[in-house]
Amino acid sequence: MEGLVLGCDLCNDYCQISCWNPERGEPEAVELTQGSSMISTVICRRRGKEAWLVGEAGYRCALMGEGVIVDKLIRLAGKRGTATIEGVCYSAQKLLTQFLREILEISFQKYGVREIQAITFTLRNLDREVIDAVLEAAVSLGIDRDRVRLVSHTESFLYFSVSQRKDLWASLCGLFDLNEEGLHYYDMTVLRGIKPQAVQARHEPLEEGFRLDILDSPAGEKLGDTILCSCAQRLMEKKLYSSVFLTGKGFEGCEKWAVTFTKWLCSRRKVYMEPSLFAKGAALIAADGLREKTAYPYCFLCEGRIGATVSMEVSDRGTKKRLILAEAGSNWYETRSSVEVIPDNKGELELTVTPVGSAAGRKITLPLDEFPARPNKTTRIEIVTSFSSEKLMTVRVIDKGFGEFFPATGQMLRQEIHL
Amino acid sequence: MSGYLLCSSRLATHPYQVEGLGIRIYSAEELCYYIFHHVQVIGEEFLEEPLFTFLEKELGLAEESAHIRKYVERQAEFSTVLTAILREFRYYSDQEIGQFQGRLDALGKQTPLERQCKRADFLLEKRRVQAAFHIYENIMAGRKSRGSQQFYGMVAQRMAVCCLQQFQYSRGMKYLQAAFQEWPDERILKQLVQVCLLCGKELPEELLKNADASRLYQWKQEYEQSRDLAETAAASCPQAAIFDRDSIRRKEELKRYMADLKKEYREMTE
């Protein structure tokens, strides 16, 4: 099947797209504006007509008084907000969809292909509302739901790191992201002694973040340099790093103004500038999803991924086995399972939650005494698990009865479990 | 044994219909349950194509169906095939299957007449009255002095019960009389006396002379006590409360109650 394999970094200030290049076996940034892979997350509607512009073109149109601009589209979509332009109320959903349509069109024109084989969106924060809004937008644009994935920046960074040479992540691999929304630090490490091998990434938003416009003056540059240096020393001192990456608009030209910071970083560490890191990580995820067997056989632990395996012991035609309801390392919003069992001399449901790296699990029990009393093995129950975040699982147990011998009541028990 | 049995299959969209019992089966586990609890009424016709079609198409269990089919093709004994079905799905433990085999062996030792009678008794217990009556009728029709008089007396008594459950009192009395002639047991006489009291009829003369006066008096007392209890129970049963409802709810609930009664009657007389 032909089609583009894309990674799309959606932030409130800028967006980027990266496209998987199968010949080179790596993702490449798509130039969304002249000379840059970044495009401002703004949309502008021309006055008097239903015509849209995005990014810099949108800003110019608004400056000329020929259009009305709406920015911070991701935040607006997360709040299910609206914007009124010339008396017409546009939902955030519609604006986001239009924005995506415009930026994807740039990719289509560059590659001469209009089909999308797979696309992964990466977001700083994965909250339910934003996930739903982006998914809805993608489906509105004619992209099959099965071809769309959403991941956090942390996960994109994780994939980006493990796609690099092994010596770059043998020890800690760090990342600083500086943009209008603030300063963020990430690091990834390999958890040794666990099967399958696990790689873990963590994310820390730094309070010391600063507005990028302070860099317009020499004093501001010096202040920025001092802040970065102080953060780096606090976070990285006495730790062994194989590599450090820098990404985000704030780091453009940083070797000129963040002299102390870069000098400190580069001492005994390999430091790389990668402006499209998250978009490339997302493209790697999209490409890997198309393979029969993953190129990264690790258990990924990071924001957006479940940190524990939820299972139960069952008997399958007389053979005892461990049934996995949710696997550690899977995306929480994609993880949903439904299984039907018949309790045999059991008045409660027993689940086991096993964190990664831990041999022993924690037992969770849900009493089933609210279900009608019936002879043994004549109650079929459906167990449905879903997640509202990587740490919060909802278990629903539904009484399915036993055919016409013991009709179902449809009664449901519900419990939330913190992993 | 305790734990959770993983369900073998999806639920069927079109269930397997058990003829004569009005039972519909939706899963492999229910199939095992039906075999285990209704073995007295399962005949050789159970192992025909509709069962295998159900397993393959409705439950998606083609492999399991093929395993069971092999037994049938090899002309294995009926009891062996039933046990094979239970073993295939493992809904029952080895111990329970052992108990099932024991029951199968006991059934196998019964004469064809006894098996027929047991089948009819089972149907009667499940209130499949008409189906039970037909079997009893066949037993009586095929009578060639193979069974004892007591046996046929018992069959006639059961036929009477079938009639009485359908409020066919005259017919029921006729069968009770026939039963007493075959097998002059006091319990049958007692039933006859009480049916006469219920219908307000006199006990036939030729039977009166068989009854001890004190026993007749005792049975009459028992009948009156049961009648009083039934009247009290009727006054406080949930259905009686329907008549206390407002006109709209009364109408709806009466309609529902009538529908339930009709369904029950249809099942009885299938």
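Predicted model: local features only at pLDDT ≥ 70, side-chain atom pairs only at ≥ 80, totals over all residues.
1. Domain bounds here come from an automatic or database domain assignment. On that basis chain B is divided into domain 1 (16–108), domain 2 (112–236) and domain 3 (240–269). The C-alpha centres of domain 1 of chain B and domain 2 of chain B lie 35 Å apart. Their contact (heavy atoms within 4.5 Å) takes 11 residues from domain 1 of chain B and 7 residues from domain 2 of chain B.

2. Residues are numbered from 1 along each chain as its sequence is written, chains are lettered from A in the order in which they are written, and side-chain values use heavy atoms, with hydrogens and water left out.

3. Domain 1 and domain 2 of chain B bury about 750 Å² between them, 59% of it on carbon and sulfur atoms; buried area is the accessible area (1.4 Å probe) that two parts lose on being put together, summed over both. Leu21(B), Gln40(B) and Val41(B) supply 55% of the area that domain 1 of chain B buries against domain 2 of chain B, more than any other three residues. By class, that side of domain 1 of chain B has 3 nonpolar, 7 polar and 1 charged residues; Ala, Val, Leu, Ile, Met, Phe, Trp, Tyr, Cys and Pro count as nonpolar, Asp, Glu, Lys and Arg as charged, and the others, Gly among them, as polar.

4. Across the interface of domain 1 and domain 2 of chain B the rule finds 0 salt bridges, a salt bridge being a side-chain nitrogen of Lys or Arg within 4 Å of a carboxyl oxygen of Asp or Glu. The count of residue pairs in polar contact, both at pLDDT 80 or more, is 2. A polar contact is a pair of N or O atoms within 3.5 Å; within protein, one must be able to donate a hydrogen and the other to accept it, and residues adjacent in sequence count only if both atoms are side-chain atoms.

5. Chain A is divided into domain 1 (4–152), domain 2 (156–276) and domain 3 (308–418). The C-alpha centres of domain 1 of chain A and domain 3 of chain A lie 40 Å apart. In this pair, 8 residues of domain 1 of chain A are in contact with 5 residues of domain 3 of chain A, and the two domains bury about 570 Å² between them, 46% of it on carbon and sulfur atoms.

6. The count between domain 1 and domain 3 of chain A is 1 salt bridge. Glu334(A) forms a salt bridge with Arg149(A), the closest N and O atoms being 3.5 Å apart.

7. Chain B and chain A each give 30 residues to their contact. They bury about 2,500 Å² between them, 56% of it on carbon and sulfur atoms. The count between the chains is 4 salt bridges. Lys377(A) forms a salt bridge with Glu96(B), the closest N and O atoms being 2.9 Å apart. Between chain B and chain A there are 15 residue pairs in polar contact (both at pLDDT 80 or more). The side of chain B that touches chain A has 14 nonpolar, 8 polar and 8 charged residues.
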